[in-house]
Structure formats: structure tokens, C-alpha cells
Amino acid sequence: MPKANPHRPFTPDPAQMECAPDVSGNAINGLGEEEFRRPDIVYWAPDPDTIPHGRLQRWFYTVNPDEPEIVAERARRKEILDAPLPELSERPVERSPGAWLEALQQYVSAGHCEQVGATALDRNWLFAGHDTPFSNVIVIGVQHDYAAISEAPKPGAGAEVMRQYSRAAFAAKAIAGWLRRSGWDADPVTGPMAGKITLIPPAIACGFGELGKHGSLITPEMGASFRLSAVLTDAPFASTPPQPFGLDDFCMNCRICEDACPPDAIFPEKQTVRGEEKWYVDFDKCLPFFNQTHGCAICIAECPWSRPGVGAKLADKLARRAGRLAAVSK
Ligand code: SF4
Ligand code: SF4
């Protein structure tokens with residue numbers, strides 16, 4: 001018997017709903033579409049006036065505008081984003097693909113981020129109408145402080161999300177700066193306004209983990225409690241391979257996020273989205289609660305994989321079960 005949800009029933013603020021466009025965010029995302037197409041930017045547009053949900057994106061900033069932690073984090077992030085990248089060196093450093101990957105780990109060792117991966121860029125990951133001259137993508141993961149994110153949906157969790165977006169932006173700019181000083185041009189891509197590329201598909205392709213039922217990525221090391229940024233470049237990094245660990249089966253038998261989601265936005269089964277079967281969150285149901293709480297984050301905080309030390313044990317258990325099943329079927 002799931003515990004009673006303290007946030008249900010949820011009634012959206014009429015002032016917020018007055019900003020809602022006529023078009024459904026699920027339609028923009030391609031829910032129910034059988035044919036593949038590139039994604040459109042549905043939210044977090046660099047310029048909110050370019051998307052139908054732009055007024056709602058602006059409304060988000062009217063929530064907790066004077067909360068000191070949020071004000072401080074917003075200023076810090078702006079400073080990071082405004083800092084110029086170093087000049088592109090004229091002499092490209094030559095390394096083997098494996099040596100480039102090894103050198104990239106310095107950013108994990110220095111504590112700028114918790115995980116890095118690299119892969120060839122699939123242009124289908126670019127938002128419709130966007131392009132890049134680069135052929136590779138580096139993906140960067142930064143982990144939330146679990147105690148802070150567990151406060152969701154209180155403002156402390158929103159501030160923690162912003163803190164990690166700042167760290168992710170700092171790491172992306174530091175890596176892009178390192179590459180440019182090494183003679184390889186690079187373009188840092190920082191969330192949440194990633195602008196030209198969706199970050200989850202390249203993160204899956206370069207070994208970060210799998211998509212969970214709550215529509216966020218899950219890794220055995222960080223659960224769902226992390227943020228992403230990326231760097232686009234031609235520097236010849238070796239690819240880090242995908243690392244599936246059997247999450248689908250786990251999510252099929254778990255409904256913690258479904259029960260915890262105040263507006264009941266998490267679909268119990270996979271949906272068809274732009275030609276792909278995948279876990280999907282009802283954008284139109286999620287957004288009003290997300291906006292009203294300045295970022296919600298309940299589903300990623302409640303997911304058992306996010307609890308420190310739990311993800312690795314769960315992944316190990318899934319691997320042992322898969323091994324037993326494989327042995328029986330021989
Ligand atoms: S809470 Fe359960 S169902 Fe939801 S994403 Fe996490 S593991 Fe999957
Ligand atoms: S972020 Fe959205 S999907 Fe997740 S719990 Fe909050 S409202 Fe539900």
C-alpha cells in the first residue's frame with residue numbers, strides 16, 4: 001500500500017495557467033507519433049519568445065524570486081556563462097583517442113564533475129533547425145547532494161539543482177577551454193537551456209546508463225540524482241560504450257515515482273514518441289507543478305537508485321539475476 005501523497009490533489013495556480021499556450025507540450029514532443037523526427041525545443045529555450053511555452057518559462061522565474069540561495073546561484077551561473085573561452089591555439093596537440101579519454105578524466109579527479117563519457121555525434125540528437133560543425137560529443141555528469149535534493153519540492157532542492165547546473169556549466173567551459181588551448185575548437189553546451197542538442201540520448205550512448213520510468217537518466221553510481229552538460233568538438237576522443245544494466249525490468253515492477261508524482265504525470269507504460277518506444281512523462285501534467293515549486297525534483301529524489309550507495313547494489317543484483325536466467329536457458 002503506497003503512502004498517501006501529501007501533495008495531492010494538486011490544483012495549478014490560475015495565474016500560471018493563464019500563460020499556457022493552446023498547443024499541448026506532448027504534441028510538440030511527438031507523443032503518439034510513429035515516425036522518427038528530430039526533437040523540437042519544448043521548454044528551456046535560450047529565448048523563451050521562440051517557443052509556445054515561453055510565457056510559462058518566464059512565469060517559472062516569478063516563483064521564489066528573492067530566495068537568497070536561488071538568487072546567489074543564479075548570479076554564479078551567469079558569471080560562469082559570461083566568462084569568455086580562451087583563444088584557439090594554432091598548434092593542435094596530437095594524442096591517441098585513448099590518451100584523450102584518459103586526459104579527460106582529470107576533470108573527474110579534480111572534482112569538477114563525477115562522470116565523463118564521449119561518443120561520435122549523431123545528428124538526430126540535434127534539435128530541429130539546429131546544426132553544429134563538430135563530430136564528437138563529450139558528456140559531463142554532476143551529482144546532487146542527496147540531503148539537499150531530498151528536500152524536494154522545497155526551495156532548498158531547487159537551489160541544489162541550480163548549484164549543480166552551475167557546476168555542470170563550469171566543467172563544460174573548463175573542458176572546452178582546455179581543448180581550445182590544445183588547438184581543438186570546442187563548444188560548451190550547458191543545461192537547462194542546452195539550445196542545440198538533447199543531452200539524454202548522447203549520455204545513454206556514451207555509457208551513463210538507462211532512461212528510467214520518470215523520464216530521467218539513471219546510472220548505477222548516481223541514480224537519477226544528477227545534471228548533465230556537454231562539449232561538442234572534433235578532438236578525437238575514444239568512445240565510451242553504452243552500459244545497459246537491465247533497468248527496464250526494474251522500472252516495470254516499481255511504481256515509486258508514479259505514486260510520488262503530485263500531478264500523476266508519469267506513465268506506467270512506455271509510450272511511442274517520435275517513432276521510439278520509451279518511458280515518458282506527461283509534459284502538460286508535470287509542468288504546472290514543476291513551475292509552481294520552482295523545479296519539483298520529487299521523482300528523482302524518491303527513486304531508490306538515487307539513494308547513496310544503493311544504485312551499485314541494485315545493479316549488481318540485476319546482473320546476478322540476468323546471469324542466473326542466462327544459465328537456466330542454456
Ligand atoms: S522510482 Fe522506480 S519506476 Fe521510477 S524510475 Fe526509479 S526505479 Fe524506475
Ligand atoms: S518533476 Fe514532474 S514528473 Fe517528476 S514528480 Fe515532479 S511533477 Fe511529477
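These legends describe close-up views of a predicted model. Residues are numbered from 1 along each chain as its sequence is written, while chains are lettered from A and ligands numbered from 1 in the order in which they are written. Local features need pLDDT of at least 70, side-chain atom pairs count only at pLDDT 80 or more, and totals for chains, interfaces and linings use all residues.

View 1. Helices (H or I, at least four residues) and strands (E, at least two) are DSSP runs, numbered from the N terminus. Along the principal axes, the C-alpha atoms fill a box of roughly 60 × 60 × 40 Å. Of the 330 residues, 40% count as buried. Buried means 20 or more other C-beta atoms within 10 Å of the residue's own, exposed means 12 or fewer, and partly exposed lies in between; C-beta atoms are placed from the backbone. Among contacts between residues at least 6 apart in sequence, 77% join residues at least 24 apart. A contact needs C-beta atoms, placed from the backbone, within 7 Å.

**View 2. Four strands make an open antiparallel sheet, in the order 1-2-6-3.** Strands pair if DSSP finds at least two bridges between them. Strand 1 (115–120) and strand 3 (186–190) are the edges, each pairing on one side only. From one strand to the next, the twist averages 20°. Helix 8 (residues 155–181) packs on the sheet and touches strand 2, strand 3 and strand 6 (226–233). The direction of helix 8 makes about 20° with that of strand 6. Axes are lines fitted to C-alpha atoms, for helices over the stretch in contact; angles run from 0 to 180 degrees between N-to-C directions.

**View 3. Strand 1 runs antiparallel to strand 2 (residues 136–143).** Six bridges join the two. Gln115 has Gly141 as its bridge partner. Gly117 stands opposite Val139. Five of the six residues of strand 1 are buried, so strand 1 is largely enclosed by the rest of the structure.

**View 4. Ligand 1 sits among residues that include Cys251, Cys254, Cys257 and Cys303.** Gly212, Lys213, His214, Phe250, Ile256, Pro304 and Trp305 are also around ligand 1. A residue is near a molecule if its C-beta atom, placed from the backbone, lies within 6 Å of it. Helix 10 (247–252) and helix 11 (256–260) each supply at least two shell residues. By class, the shell has eight nonpolar, two polar and one charged residues. Ala, Val, Leu, Ile, Met, Phe, Trp, Tyr, Cys and Pro count as nonpolar; Asp, Glu, Lys and Arg as charged; the others, Gly among them, as polar.

**View 5. Ligand 2 is surrounded by 13 residues.** The closest are Cys261, Cys286, Cys296, Ile298 and Cys299. Helix 12 (283–292) and helix 13 (298–302) each give two or more residues. Helix 12 gives the most, with three. Twelve shell residues are nonpolar, one is polar and none is charged.

**View 6. Ser150 lies in the loop between helix 7 (146–149) and helix 8.** Ser150 is partly exposed, with 19 other C-beta atoms within 10 Å. Ser150 and Ile300 are 150 residues apart in sequence, yet 8.9 Å apart in space, C-alpha to C-alpha.

Methods
Two residues are in contact if their C-beta atoms, placed from the backbone, lie within 7 Å.
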